[in-house]
Structure formats: structure tokens, C-alpha cells
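This report covers model confidence, one interface and one surface patch. The sequence and structure come before the details.

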Amino acid sequence: MATSSEEVLLVVKRVRQKKQDGALYLMAERVAWAPEGKDRFSVSHLYADIRCQKISPDGKSKIQLQLVLHTGETTNFHFTSESSAVKDRDAAKDLLQQLLPKFKRKANKELEEKNRMLQEDPLLFQLYKDLVVSQVISAEEFWANRVSMNSVDHSLINSKQEVGISAAFLADVRPQTDGCNGLRYNLTSDIIESIFRTYPAVKQKYGENVPHNLTEKEFWTRFFQSHYFHRDRISTGSQDLFAECGKLDEQGLKSMVGQGVRNSMVDLTSLEDKSLDEGYGISSGPSTSSHNKTLKENSNAAIIKRFNHHSAMVLATGLRKQDAQNEQNGETSSTDGNSKDSDFFQPSVKKVKLQEAIEYADLEQENGRKPVALNLKKSDRYSHGPTPVQCQQYATSQDIINSVNCIRHEIADYTPRLTQVLSSSTASTAIAALSPGGVLMQGGTQQAINQMVPNDAQCELKHLYVAAGELLRHFWSCFPVNTPFLEEKVVKMRSNLERFQVTKLCPFQEKMQRQYLSTNLTGHLEEMLQTAYNKFHVWQTRRMLRKT
Amino acid sequence: MASDDELSLLVIVVDVNPIWWGQQAQREPEFTLSKCMDSVMVMSNAHLVMTRSNKLAIIASHCQESHFLYPNKHWKAGDFAGDESSCGSRDGKYELLTVGNDLITEEIKNLMERTEVRGQQTETLLAGSLAKALCYIHRVTKELEAGQEMKSRILVIKAADDSALQYMNFMNVIFAAQKQSILIDACVLDADSGLLQQASDITGGLYLKVPQKIALAQYLLWVFLPDSDQRSQLVLPPPVHVDYRAACFCHRNLIEIGYVCSVCLSIFCNFSPICTTCETAFKIALPHAMKAKKKKLKPTT
């Protein structure tokens with residue numbers, strides 16, 4: 001049965017698996033099933049191995065729970081209790097739902113990482129296939145070097161960034177009509193979090209009222225019903241829970257506006273919205289005082305005020321987090337955005353900013369430092385090429401005169417005789433020299449080797465080289481052999497190399513020979529392996545000598 | 001239509017160093033400058049006949065000047081009726097070829113007549129000729145109609161030896177050609193030329209040292225007549241291994257590992273505390289590990 005240290009969290013009787021009656025046991029680290037009347041578990045899965053669970057849909061007659069493992073295997077449990085099958089199944093499912101996530105992350109990550117690496121790098125995948133699948137080397141050795149490289153990156157990835165709030169989060173809560181004059185709002189935890197972060201007043205109300213006075217559902221229903229939420233906030237002195245929030249918001253907005261923007265470069269008060277009429281642009285007349293405003297203007301102003309307030313609150317949440325981290329004295333006011341600005345615009349900074357705005361580096365006078373001049377003493381050395389000074393064929397002046405006269409005479413009588421330029425014998429010797437195999441074509445045949453060997457043979461050779469390279473790397477990294485671990489590894493690698501030669505290299509060679517390819521494609525590989533063997537042999541004899 | 005064809009311009013730079021050719025005439029009478037010019041004419045005719053839109057230019061590279069043998073400044077294609085002596089084609093040849101050949105003959109005769117004996121100027125002005133060729137190509141490119149494209153290449157037929165003094169200019173020409181995607185092919189008659197090997201390597205052209213000079217025409221037609229697009233379909237001599245080693249500034253020896261001054265970039269084979277070109281002082285610190293090791297050994301021994 002279960003080991004004594006295992007804590008059994010849930011036992012469900014009357015569970016069938018593979019048409020056998022039994023009981024399902026959910027323990028601290030694994031789920032197991034034992035047939036009726038037997039002591040030993042016939043099915044046992046660690047939570048770490050389970051990828052996910054599935055349940056049969058509600059309408060079906062068979063009430064089942066399926067466990068899907070990482071390896072793809074599935075195990076089905078059929079709950080057969082007449083009275084409480086669904087309850088049993090749901091209880092099991094809930095418990096698994098709680099337990100699985102805890103174990104999921106540990107195993108998954110490594111395996112996922114490995115899978116990802118194999119998928120991303122086809123060369124690595126090929127190497128894996130060549131070495132591990134064909135059992136030349138064990139999987140642990142293969143991953144030993146590689147996984148360590150990646151664990152470093154993970155620690156960097158883990159430091160997450162805070163997710164910001166979308167300004168449209170309230171608008172995204174799109175209500176759906178319920179069929180009969182009602183609206184259905186779908187609230188996710190994300191939206192709730194956004195509302196709380198943006199409107200701390202609402203969070204406060206929530207904290208006060210739930211769960212003492214209202215349930216969560218009722219709270220949110222009231223929220224959406226209240227005028228606080230709606231477009232036109234006509235503050236009727238109702239017994240609305242959120243009327244206070246409305247007042248707080250107004251106060252907050254007033255104080256924000258009152259503080260103004262402490263950026264001396266920006267003057268917000270010079271901007272004013274004075275329109276002639278709706279849609280008619282700006283008028284230069286005196287600004288209308290508040291009692292002249294029409295009702296429409298008033299409601300427009302209210303909406304605009306709400307928009308501004310909402311945006312300000314959304315921005316403030318981002319800054320609030322930062323400030324909370326920066327300052328030790330927690331409580332930040334609602335004037336978050338401005339405090340940063342005011343720090344920023346100390347007089348010195350302001351001066352620098354003004355300077356930057358005025359001056360342009362391009363328009364300044366050139367006053368750069370003079371670079372050091374290059375002082376070449378013998379610059380004619382450069383004009384002489386890399387040709388060694390050859391003693392030229394010395395021509396005496398008499399020779400020169402003779403040659404010139406000779407050539408002049410010759411050319412003075414020159415008439416082209418184009419039909420007698422070439423005799424057939426000379427032409428054919430020239431052609432012979434230029435044909436493949438001729439005197440002038442000697443260098444060409446060496447290039448043809450990659451055309452002589454078929455493509456698949458080339459690919460296979462490449463894979464062999466990569467695999468051999470990997471094994472040899474492991475082998476050579478063991479030297480100098482200092483620890484007993486390295487000794488074992490060296491011996492193992494040597495046997496791995498031999499196995500590689502026998503299982504991969506020799507068949508390839510034979511295949512090449514069968515195809516009548518005379519080129520020795522594997523000579524270099526064999527040489528490398530032989531060097532490794534020799535080194536091992538030398539090391540081994542030395543070890544024997546040392547021992548005796 | 002002609003406008004759809006890509007124009008192909010071939011510029012042949014022939015080394016007509018009179019001293020070398022004069023000596024060659026005495027060494028090997030069966031292959032002289034006349035034969036060489038005949039071969040060049042055969043090749044140029046072949047090029048013009050390959051496609052109607054092909055263009056040609058021939059430059060003679062002399063030790064006193066670089067002179068255009070073809071086309072003539074005063075002659076325009078189609079202007080046949082100018083001269084009485086040239087009464088059209090005598091042997092049924094395409095008129096353009098006849099006129100071209102006559103022109104080349106006349107020009108080379110004039111050029112050789114103008115040759116003066118000057119002791120100091122014995123080297124072929126190859127860098128200058130190549131520069132002229134590049135300028136000509138540039139000019140023709142500018143004169144193309146809108147929408148026409150042109151591919152150009154330069155064929156250098158070299159006889160005399162490299163001139164070390166022209167190195168800088170040569171390299172500038174090579175890189176300019178590379179920028180303009182102009183191939184430089186090289187057909188070398190006598191001694192291997194490092195500069196031309198570099199030129200063909202950098203620009204993507206072909207380098208060939210001709211084993212038999214009398215078969216020059218055959219080599220020209222086989223190797224250098226096809227243009228770069230066609231060359232990829234043909235089996236041609238493989239590229240030569242180019243020696244890119246630098247020569248040290250002090251002895252002019254070719255070195256593989258050397259010291260470079262970080263100020264003036266001059267190359268030396270040995271370390272010297274002062275760079276002789278720019279007079280900057282350098283220090284090389286001795287490796288401290290050696291000193292420490294020595295100290296450690298002492299107490300144990």
C-alpha cells in the first residue's frame with residue numbers, strides 16, 4: 001500500500017479502471033488506484049507527471065475522469081457509485097485542480113526547455129537522434145553541458161514586469177443582454193483588479209462592505225447600477241453606496257487641477273476652449289462664465305471632467321507603484337504625476353533644457369582639437385608594390401636602339417594577313433591543351449569532388465562529423481584526468497567512441513564502397529578517432545605504471 | 001530588338017613595347033608583333049560578328065603613350081565613303097570589319113613611326129592604358145540610350161615585364177574596375193605578371209599564360225571571346241593561385257608574418273623600436289610570466 005509517510009488526502013470508493021472495481025487514492029504527491037480487495041496499487045502517477053485532467057461532459061451517463069500524462073498516456077477512471085458518483089468525481093477533480101499546479105512547474109519547465117531547444121535547433125535534434133536514440137551516449141550526458149547554459153537565462157526571465165492597466169478597461173466590460181430586459185456583465189479578475197487599482201475609493205468600499213454586508217455579486221451589481229458608473233453622473237442624493245465615491249473623485253480632481261503642472265516649460269492655462277458654437281472653432285471673445293452655459297455644455301463638461309479624471313487615475317497607478325518602491329514612507333497622495341515633475345525641474349536642469357533648446361552644435365564655430373599630423377619621411381615606399389626588387393633584364397642602349405629600329409621596319413611593312421594567322425596543327429595543340437585533362441586544365445578536377453559524391457551521402461557525412469565531434473569533445477574535455485569521475489568518464493567515452501565507429505562509421509564506409517566511390521571520405525574521421533584511441537592507450541599505460 | 005540586347009563592350013589593351021617586341025623579333029622570328037596584331041584583329045572581328053550590338057575598342061600600350069587604335073576619333077561608324085583608297089570591302093568581308101582592320105593597321109604604323117629612342121622609358125605604360133580603357137567604358141556608358149545596359153570587359157595582352165613603379169596606379173585601376181563590375185582578363189605572353197593575376201582575381205576575370213605564342217589566336221578565341229555570362233557554361237582553365245603576400249618595406253622580401261606600424265601602416269619583417277617611415281617610437285613589453293617563472297624555479301633547485 002502507500003508508504004507510511006504518505007498522507008492520503010482523499011479516498012474515493014467505487015471507481016472503476018479498465019473494467020475493474022477499485023478505489024482511487026489521492027495522496028500528497030501522487031494519485032493511485034488499487035483494485036478491490038487488493039493491497040497494492042496497480043496504477044500510480046506522480047502529480048508531476050500529469051499534464052492535465054479531463055472530465056466527461058455533464059450530460060453523459062458515464063461519469064469519468066481522465067488523466068493525461070506528459071508522455072501522452074491517458075488513464076481513465078469511471079465513477080460508479082449510484083448515489084454520489086458526480087460528487088465523488090467533482091471532489092476528486094477539485095482536489096487535483098489544486099494539487100496539480102504545484103507540481104506542474106518543476107518538471108514541466110525542464111522538459112519544455114529541452115523540447116524547445118531540440119525544436120529550435122535542427123542540428124541539435126539530429127545530434128540527439130544520432131547519439132541518444134541510437135544509444136551511443138546516454139541522455140544525461142547529452143544534456144549535461146547544454147542545460148546548464150540555459151538555467152542562467154531563466155533567472156533573468158523570472159523577474160517579471162508589472163502589467164499596466166488598459167485605459168479602456170471599463171469600456172471593455174461589454175454587457176450582454178440577458179434576454180429579458182436585463183444586462184449581463186462578465187467580470188474577470190483582471191477587470192476587478194484594474195478597477196481597484198484605478199479607483200482606490202471603490203476598493204475601500206469593497207473592503208468595508210464585502211463580505212459583511214453584501215456578497216461580491218451584490219456589490220458589483222450595485223456598482224454597475226449606480227450612477228457612479230454611468231455616463232451622466234447626476235448626483236442625486238440617493239442612498240447609493242457610491243455617492244461618496246463620486247464626491248471623493250471630484251475632490252481628487254479639484255486638487256489635481258489646483259496643483260497644476262509644475263513644469264515651467266509648459267503653460268496649460270493659456271489653452272482654453274472658447275468655441276463660437278458647436279463645431280465652429282475658436283472665438284476670441286471673452287470666455288463664457290459658468291452660468292451662461294447651456295445644459296448641454298454642462299453635461300459635456302461633466303463627461304470631459306470624468307474622462308480627464310479617469311485618465312489621470314490610470315496614469316497614476318503606474319507611477320504609484322514606482323513611487324511606492326522608491327520611497328520608504330509609503331503613502332503617496334493623488335498628486336503622483338506632479339511630484340516627479342517638480343523634482344525633475346530643479347533650476348539647474350531647467351537651465352540645461354533652455355540651453356539645449358537655443359543652441360545647435362552644427363552652427364557653432366569649429367573649435368575642435370587639432371589631430372596629430374602624420375609625418376612620413378619615406379612615402380615613396382608605399383608606391384612600390386609587394387614585388388621584390390628584381391634585377392631587371394638589363395638592356396644596353398645599343399640593344400634598345402636595335403630593337404626599336406627592328407620593330408619600326410617590321411611594322412612599316414605590315415599588312416594584316418588574317419587568313420594565315422593560325423595553322424591547323426598549332427590550333428589543335430592549343431585546343432588539346434585547353435580541353436579537360438590538358439596541360440592548362442590541371443587544377444580543375446579537384447573541385448569536382450562535391451559533384452561526384454551524391455547529396456545524401458554528403459548529408460550523412462555531415463551528420464557523422466557533427467556526432468563524432470560531439471563525442472570527441474566529451475572525450476578530450478576529460479583530460480587532464482584528475483578526479484575519479486573523469487576517469488570513469490574517459491573509459492566510458494572510449495567505449496562510446498568505439499561503439500560509434502562500429503554502429504555508424506563502418507556501415508557508412510561500406511555503403512560508400514558499394515557505390516564504387518573511390519574517394520576516401522571517412523579518412524579524416526578515422527584519423528581523429530585513432531588519435532583519441534592512442535591518447536587513451538597512453539593514458540591507460542601510464543595509469544598502470546603509476547599503480548604498480 | 002537591338003535595345004533589348006545587352007550591349008557588350010570589349011576593350012583590348014595590347015602591349016606594343018617596341019623594345020620587347022624588337023628583341024622578340026630577333027629571338028623568335030615566327031611570332032612577331034605583326035602576327036600578334038593579326039591575332040588581335042581576328043579576335044576583334046570575331047567579337048564584332050558575334051552580335052550586332054557588340055562594341056569594340058583597341059588600345060596600344062606603348063612605352064611613351066597609350067594610343068587608341070580603334071575607334072578613331074575622326075571616324076564614325078557608317079562613314080565609309082570618306083576615303084578614296086578604301087573602296088569598300090575587297091574580299092566580300094563585312095564592311096565594318098574591313099574598315100576596322102584598315103584603321104588598326106594604319107594607326108599601328110603611325111604609332112611605331114612616332115617611336116623615339118629614350119633610354120629611361122623602357123617600360124610599358126600599362127596602368128595608364130587601363131585607366132584610359134576605364135574612361136572610355138565610362139564614356140560609352142554615359143552615351144547609352146535610356147534603358148540600354150552594357151557589360152564591359154578589358155582584355156590585356158601583355159608582353160613585357162611588370163613595372164614596379166606603376167603598382168599604386170595599377171591597384172587603383174583594379175579596384176575602380178571592380179567597383180564598376182568590369183572584368184579584367186589577362187593573356188600573358190612571356191613572364192607571369194603578379195599584378196595581372198591580382199587584377200583578374202579581384203575583378204573576376206581570367207588569367208592565362210600562353211604556352212605557345214604562335215597559337216595565340218586560338219587561345220584568344222577559345223578562352224577570352226565568350227563573355228562572363230557564357231563563361232559559366234563553359235569549361236575553362238581554372239583560376240591561378242595568387243600570391244597575395246605582402247613585401248616588407250625594408251628589404252622587399254615577401255613575408256607571411258610581419259610587424260605593422262599602427263600609425264603609418266608600413267610593414268616590416270623585423271621589429272624595430274622606431275618606425276622608419278613615420279618615426280613613431282614603439283615598445284614591446286617582455287612577457288612578465290617568464291620573469292616570474294624564473295624566480296619560482298630558483299628556490300626549488
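How many salt bridges does the rule find across the interface of chain B and chain A?

## Interface of chains A and B

The rule finds zero salt bridges there, a salt bridge being a side-chain nitrogen of Lys or Arg within 4 Å of a carboxyl oxygen of Asp or Glu. Nine residue pairs, both at pLDDT 80 or more, are in polar contact between chain B and chain A. Helix H2 of chain B gives the most to the side that touches chain A, with nine residues.

About 4,900 Å² is buried between the two chains, and carbon and sulfur atoms give 66% of this area. Chain B brings 66 residues to the contact and chain A 49 residues; contact means heavy atoms within 4.5 Å.

## Basis and confidence

This is a predicted model, in which local features need pLDDT of at least 70 and side-chain atom pairs count only at pLDDT 80 or more, while totals for chains, interfaces and linings use all residues. Residues are numbered from 1 along each chain as its sequence is written, chains are lettered from A and ligands numbered from 1 in the order in which they are written, and side-chain values use heavy atoms, with hydrogens and water left out.

Chain A averages a pLDDT (the predictor's confidence in each residue, from 0 to 100) of 75, and 73% of its residues score at least 70. Over residues 327–342 of chain A the pLDDT is below 50. Where pLDDT is low, the predicted coordinates should not be read in detail.

## Surface patch

Leu374(A), Leu376(A) and Val263(B) make a nonpolar surface patch of about 230 Å².

Key
Patch = residues over 30% accessible without salt bridge, like charges linked within 9 Å, V, L, I, M, F, W, Y side chains within 5 Å. Areas by Shrake-Rupley, 256 points an atom, 1.4 Å probe, with all protein chains shown as cover. Buried area = accessible area lost by both parts, 1.4 Å probe. Polar contact = N/O pair within 3.5 Å; in protein donor to acceptor, adjacent residues only side chain to side chain. Helix = DSSP H or I, 4+ residues; strand = E, 2+ residues; numbered from the N terminus.
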